[in-house]
Each structure stands twice: as C-alpha cells, then as structure tokens.
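Thanks for coming, everyone. Please look at the structure on the screen, and we will walk through its salt bridges.

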Amino acid sequence: MKIKDIKVFVCSPGRNFVTVKIITDNGTYGIGDGTLNGREMAVVAYLQEHIVPCLIGKDAQQIEDIWQYLYKGAYWRKGPVTMAAIGAIDTALWDIKGKQANLPVYQLLGGKSRKGVTIYGHANGETIDEVLDNLGQMIADGYKAVRLQCTIPNLKGSYGTMEGKKNYYELQGNRPLPPEQQWSTAKYMNFIPELFKQARERFGNDIGLCHDVHSRLTPIEASRLGKLLEPYNLIFIEDAVTSENPQGYQIVREHTVAPLAVGEIFNSVWDAKVLIENQWIDYLRMAITHGGGITPLKKIADFAAIYHIRMAPHGAPDLSPICFMAHMHFNLWAPNFGIQEFIGFGTPELNDVFKYEVQLKDGLLYMEDKPGLGVDFDEDAAKKYPYKRSYLPVSRLEDGTLWDW
C-alpha cells in the first residue's frame, strides 16, 4: 500500500489549524494534525518542502520506519516545527492503519485499559465569584475535575481568562501581532490561594481541581505556591516553572507535596528524561501533535510508567480535533493515563470542518468504535475559513520587563 499523495491544509474556523491528509494507492486516506500555534506556516513549509517529496511511493504500513526516517534521516532533530510536522504524518499513518485493519487505533496499541477517558475542563472568570459560578455550572454538566484560572486584580490581562470569550475555540480572534499582557508575581501569589480556598468551601473536596501557572514563577516562588495550595488538595499544579533547566523542578519537589505537571511544549523524550528519571513530576503533558505522533508517545508513556508518572496530554484549542481524537485512543490504551484536558465540544464553525463524536458522562468521555481515529476533515468546508495570521500574547512585568507567558 503505497503513499500516492499528501495534502496539507490550513484553515481557521475560529482557530488556525494545520491538517495533513495522506492518500494511498488503494484509496485509503488518513488525517493528522500539525498545528503549532502562531507558527503554523513554518510547519506547512517543513511538510511541503522537506517531507512530502520524500514520502511519495513509500509503504504507508511501515509506520515505525517512516518515523525513524523523518527523525533520524533529517540530521536536524527535535524542535517544535520538525516534531509537529512528523506528528501530523505519524498520526495520519495510524489512521490509515486502523482503517485498513477495520479497527479503532486503540486496539492496535493494545486495547483498552479503561472504559472511558477522565477529563478536566476550564472554569475561568474576571472575579472569584464568576469563576466559582462557572465551576458550579461545569459540575452540573457532569465534570468531575476542573482547572481554575482567574484574572488577577489590578493587572491588565491575565492568562487563562479567555479575554472575555466564553468558548476557547473563539479565543484566537484577530491578533496579527502579539498582544501584551501584564504580570506581577506578588499580586498573583497574594490572590490565587483565595480562589481555591473559596472553591473548597463552596463545593467541598469531591471535585478535582487543578491550576496552570504557565511557567511564570521561579523555583522558590513555585515552592511557596505549592505549600500555599497544599490544603486544597489539587490534582496538579501545571507548569510551575520554566522547564529548560529541569533542576528547577527538583527544588519545587523538595519543598512541597503538591503534585506537579509539565510538558505541553515538550517535543521529544529528551525534554522529559531527567524529570521522569528523578521523579520530579507527577504528570507528563506532552501532546501527540507536538511530541511527534502516536509512535513516540507510546514509548514515552511506557518509560514514564516505570517511574510512577502518569500521562495528561495537553488539550488546548490550538490542537485540532484530529489530535484530540488521537489522544482519546492513546488515553484509552495507556495503563498510566491520568487525565485529559478538554475545552468543550467546539463551535458550529469548527464542527463544520472536523467531524467527530464524543459524549460526556459522569466525568468520562466516550467515543464510538470506528476504524482508525474516528474523525474526518471536510476539505470543502475548510475553504470557507482561510488562514489568518495570529499570535499568542507576550507578558511584561509592571516595569516593562519581558516575562514568561
């Protein structure tokens, strides 16, 4: 079964997405997600100029060999652009493999380890009361775990509040240049524990809670935050510090028992190796798209399991429903799966382009058993939503110093 053609699409049904479609000589096709938020066209160029010409005529069934060919064969390894491009190809090949076998992908990975996928949603707001009202609605909707983020008083813009939007798939909007947001560690540290204090007082301990710091603290500051949040029994604190120097997580680990999660910007096992081997984290947040596909994520999950670390794949709206459905299969299989980030069922525009079905029941997501990934891409619908250059924000301290966003 030879690869006959590979198409690359960029569309923006509220968000920019990069989609790969691999077509074989027997007519079977598979789709993959290559979205890299704010750098989409770099991935497109890598695919069109450096990958597609090399794969025409290759056997689509040789997933492992193709992955090694694209990774080892390029000499220039790793990096978000390279690995997003490889991830799109790899995921599309798994989709083809499942369709050829007439089996859902999770069966090809080894079958189910659980009946459904545990998820957490996002409750955000401009005030604590607004966040908690949204949390209450999510509990009523069937969520058993929720991430809480709140605007920090007297700061211009705060990560995680959706900038006034009520649906994450509409967040990107018109941002031809990076918008600037304001940050103050002191104001944040003096405020955020109160959010979780009131959440526990109002809703008790049965609802799982987590929080994303977005790498804005130093290790000792993150250690202090962990101790402040320990009484509220969080599932995890995400991205407490930047990860370029993994020893920062050693400092945090030595000062707090709050569980730690990191990895959404990781793109290979080498980003996570030291963190895993030293057990400085509890959850690894690598995504299939950004981590190079299903092939390497399966190996990384097995490696992490040796050290009691669970998988919690990144699931923000800058990953398309193709990646989301790939995560569903991966999560059903992975024995050490922990929890999946989930930001809702999309918008009419998104669901006009991507066709998939999942159901939420008692905190678990379920999908139908369909061959391959169980998601499709409407090329004609995608034409209605052309690419629009859009960037993530940047963050500055109150004195103007550029900070981590």
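Start at Asp352, which counts as buried at 19% relative accessibility. The cut-offs: buried is under 20% relative accessible area, exposed is over 50%, and partly exposed is in between, with a 1.4 Å probe and protein chains only.

A word on the source. This is a predicted model, where local features need pLDDT of at least 70, side-chain atom pairs count only at pLDDT 80 or more, and totals for chains, interfaces and linings use all residues. Residues are numbered from 1 along each chain as its sequence is written, and side-chain values use heavy atoms, leaving out hydrogens and water.

Which residue does Asp352 pair with in a salt bridge? Lys384, with the closest N and O atoms 2.7 Å apart. Asp352 sits in helix α12 (residues 348-353) and Lys384 in the loop between α13 and β17 (394-397), so this pair ties together parts 32 residues apart in sequence. Lys384 is exposed, at 52%.

By salt bridge I mean a side-chain nitrogen of Lys or Arg within 4 Å of a carboxyl oxygen of Asp or Glu. Helices (H or I, at least four residues) and strands (E, at least two) are DSSP runs, numbered from the N terminus.

The structure holds 16 salt bridges. One of them joins Lys7 and Glu379, at 3.9 Å. Lys7 is in strand β1 and Glu379 in helix α13, so the bridge links parts 372 residues apart in sequence.

Next, helix α3. Lys99 and Asp95 both lie there, four residues apart, about one turn. Their side chains meet at 3.4 Å, N to O. Asp95 is buried, at 0%. Lys99 is partly exposed, at 28%.

Last, a network: salt bridges link Glu238, Glu264, Arg285 and Glu341.
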